[in-house]
Amino acid sequence: MNDYLIIGNSAAATGAIEGIRTVDKKGDITVLSEEAHLCYSRPLISYFLAGKVDGEKIIYRGRDFYSKNKVNLHLGSRAIEVDPDKKVVTSEGGREYPYQKLLIATGSSPLALLLKGSGKKGQHFFYNLNDVYHLKEIIKEGDSAVVVGGGLIGLKAAEALSLKGLKVTVVEKTPYLLSSILNQASATILEERIRKSGIRVIVNNTVEEITGTDKVEGVILGSGERISCTTLVLAAGVKPNTSFLENSGIPVNRGILVNEKMETQREGVYAAGDVVEGWDPLSENKRVVPIWPAAYCQGLIAGKNMAGHPMESSGEFPRNSISFFGLNIITAGLLEVNSGEEEIINYNEDKNTYYRVLIKDNRLVGMIKMGDIKEAGVLTWMIKKKMPAGDLKEKLKSGSLNPVHLPESIRSILYGEEGVK
Amino acid sequence: MKIELKKEYCVGCGLCEIYCLVAHSSSREVIKAFKGEKEKAESRLFLEIDKPVSFPLQCQHCDDAPCVRGCITGAMYKNQEEITLLDEDKCVSCYTCILECPYGAIQISKKESLLPIKCDLCIGSGGEPYCVNNCPNGALILKGGS
Ligand SMILES: Cc1cc2nc3c(=O)[nH]c(=O)nc-3n(C[C@H](O)[C@H](O)[C@H](O)COP(=O)(O)OP(=O)(O)OC[C@H]3O[C@@H](n4cnc5c(N)ncnc54)[C@H](O)[C@@H]3O)c2cc1C
């Protein structure tokens with residue numbers, strides 16, 4: 001009998017292991033991981049492709065993490081069924097794993113687009129370490145590559161391929177890049193940086209067909225344009241890995257539904273990370289927030305609760321820190337301006353900095369900082385804690401806000417007991 | 001362990017910044033640190049003034065440190081004394097720590113490395129943090145630990 005069984009071995013699983021071990025030093029922990037790697041930093045796969053980190057540095061914790069935490073790690077082991085009544089998980093190959101407490105931390109997978117001509121050699125996803133190992137084998141300087149999708153993953157793939165000397169074209173369906181975290185004005189600045197770095201960007205267009213016999217030779221766009229390429233990267237969105245739960249009776253919407261303890265609606269079954277739909281205090285809705293910090297924190301909370309130490313999540317909201325060709329970008333919270341919301345924008349063309357915050361009902365609810373990301377976390381905190389921002393508008397307009405500028409009423413909370421809780 | 005701020009005693013003189021730089025220089029001597037070293041060191045705390053308020057932005061070595069939890073590479077970590085430190089070899093300068101730090105206490109180095117820099121409680125300099133020892137008004141106090 002496993003005291004704790006964890007399916008998946010990435011950010012959320014690591015958080016859970018560390019959470020469990022702060023409470024329970026002895027209980028048996030078993031991890032089932034479909035990928036045959038120690039937990040690695042998924043966001044670093046583009047750095048790995050570009051040669052900026054090696055196979056060692058990409059490992060998230062040290063190699064001795066599992067032995068130090070007394071974890072039975074089953075690599076290359078995929079769970080195919082969960083039975084919360086019998087408290088048993090079955091893996092591919094039919095092995096059964098009984099458990100006391102279960103954590104589902106299976107993350108998400110890239111969407112498979114149904115493109116005409118799919119299934120040729122040279123067609124890749126950009127999601128797992130193995131995707132990058134495969135890419136590394138086939139790409140050569142001077143080759144051409146097309147990336148489908150101008151979101152975070154697609155652009156990170158494009159940047160790395162370009163740094164490896166490939167001629168890269170990004171095709172994005174919506175009118176601008178990174179449209180899930182940027183507004184049009186900031187996306188335009190990013191697009192310019194990316195174009196200047198040698199990548200061709202095509203927006204408002206789609207890849208309709210992949211040409212070639214058994215190998216990718218090119219693509220045909222919705223506009224009719226043909227682009228020749230030997231490598232095609234599909235990065236057109238992701239979906240939570242929940243299909244193996246179909247018969248489990250565990251309620252799944254877009255992701256697995258969890259409460260503030262990261263518990264599903266079946267007793268003893270928890271879920272965390274990209275696979276869950278948890279509470280977003282900003283949109284005041286349940287939603288999937290597919291970012292590394294959220295996955296780790298949810299895992300940590302799940303782990304502590306599984307081990308019997310009650311802990312609640314105050315929710316997670318979207319936030320990102322990324323850079324493309326040296327342009328640093330930090331975003332957090334809500335993006336769209338609706339009625340009753342006020343936008344403060346500070347754009348400095350000479351310095352190539354863009355800054356925008358969104359205020360709703362006197363609270364800060366969203367930010368974009370580009371070029372200059374200094375002290376961005378102060379705004380993240382204000383958003384998270386729903387601090388009043390009305391009196392700070394003048395300061396916010398100047399584009400910089402740090403604890404010195406805060407009224408004492410807010411600063412005392414920041415530096416007090418509840419500051420980072 | 002962390003450095004507590006008595007903001008009512010801070011007059012914004014800037015000695016904390018100067019001595020923080022000295023602590024992180026190779027000579028650990030003021031004149032040499034500012035004039036005689038090939039690569040000038042940097043302060044790891046950041047004095048901010050918005051009159052009449054002034055104080056340094058400085059890592060609080062939080063118990064539930066959001067920078068450690070959020071770090072996508074595992075480079076930001078807690079040592080055995082619960083001091084928040086950065087493994088510079090592991091860091092890729094993604095700046096998720098800057099996104100997560102509510103104190104604005106992590107900033108980007110002006111050196112070529114572009115690494116995030118922050119207060120390390122003078123862990124490599126021996127003895128008490130230089131800012132605490134050199135604040136003329138006793139506005140910075142080391143709390144907790146030995
Ligand atoms: C290229 C790229 C760049 C990114 N950059 C950033 C960034 O800069 N900042 C940021 O915050 N986030 C970033 N992300 C997102 C971040 O990587 C994810 O939010 C995070 O990895 C989620 O962690 P997780 O533990 O929920 O799941 P995942 O990392 O998705 O891991 C889930 C694991 O479970 C395994 N698994 C799935 N099903 C089963 C099964 N049935 N049995 C056994 N194992 C199974 C999977 O193989 C996988 O190894 C990036 C993602 C990508 C792809």
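## A nonpolar patch on chain B

B:Val30 sits in helix 2 of chain B, where helices (H or I, at least four residues) and strands (E, at least two) are DSSP runs numbered from the N terminus. Helix 2, residues 30–36, gives the nonpolar patch its largest share, 3 residues. The patch on the surface is formed by B:Ile18, B:Val30, B:Ile31 and B:Phe34, which together have about 320 Å² of accessible area. Patch members have over 30% relative accessible area and no salt bridge; nonpolar side chains (Val, Leu, Ile, Met, Phe, Trp, Tyr) are joined within 5 Å, like charges within 9 Å. Accessible areas come from the Shrake-Rupley method with a 1.4 Å probe, and for residues only the protein chains shown count as cover.

## About the model

This is a predicted model, in which local features need pLDDT of at least 70 and side-chain atom pairs count only at pLDDT 80 or more, while totals for chains, interfaces and linings use all residues. Residues are numbered from 1 along each chain as its sequence is written, chains are lettered from A and ligands numbered from 1 in the order in which they are written, and side-chain values use heavy atoms, with hydrogens and water left out.

## Around the ligand

The ligand is surrounded by 33 residues, the closest being A:Ser10, A:Glu35, A:Arg42, A:Asp274 and A:Trp292; a residue counts if one of its heavy atoms lies within 4 Å. By type, the shell splits into 18 nonpolar, 10 polar and 5 charged residues, with Asp, Glu, Lys and Arg as charged, Ala, Val, Leu, Ile, Met, Phe, Trp, Tyr, Cys and Pro as nonpolar, and the others, Gly among them, as polar. Helix 7 of chain A supplies the largest share, 3 residues.

## Backbone exceptions

Most residues other than glycine have a negative phi, and most peptide bonds are trans. A:Glu284, not a glycine, has a positive phi of about 50 degrees; its place is the loop between strand 19 (276–280) and strand 20 (285–287) of chain A. In chain B, the peptide bond from B:Lys51 to B:Pro52 is cis, with omega near 5 degrees. B:Pro52 is in the loop between strand 2 (46–50) and strand 3 (53–57) of chain B.

Note on methods: Salt bridge = Lys/Arg side-chain N within 4 Å of Asp/Glu carboxyl O.
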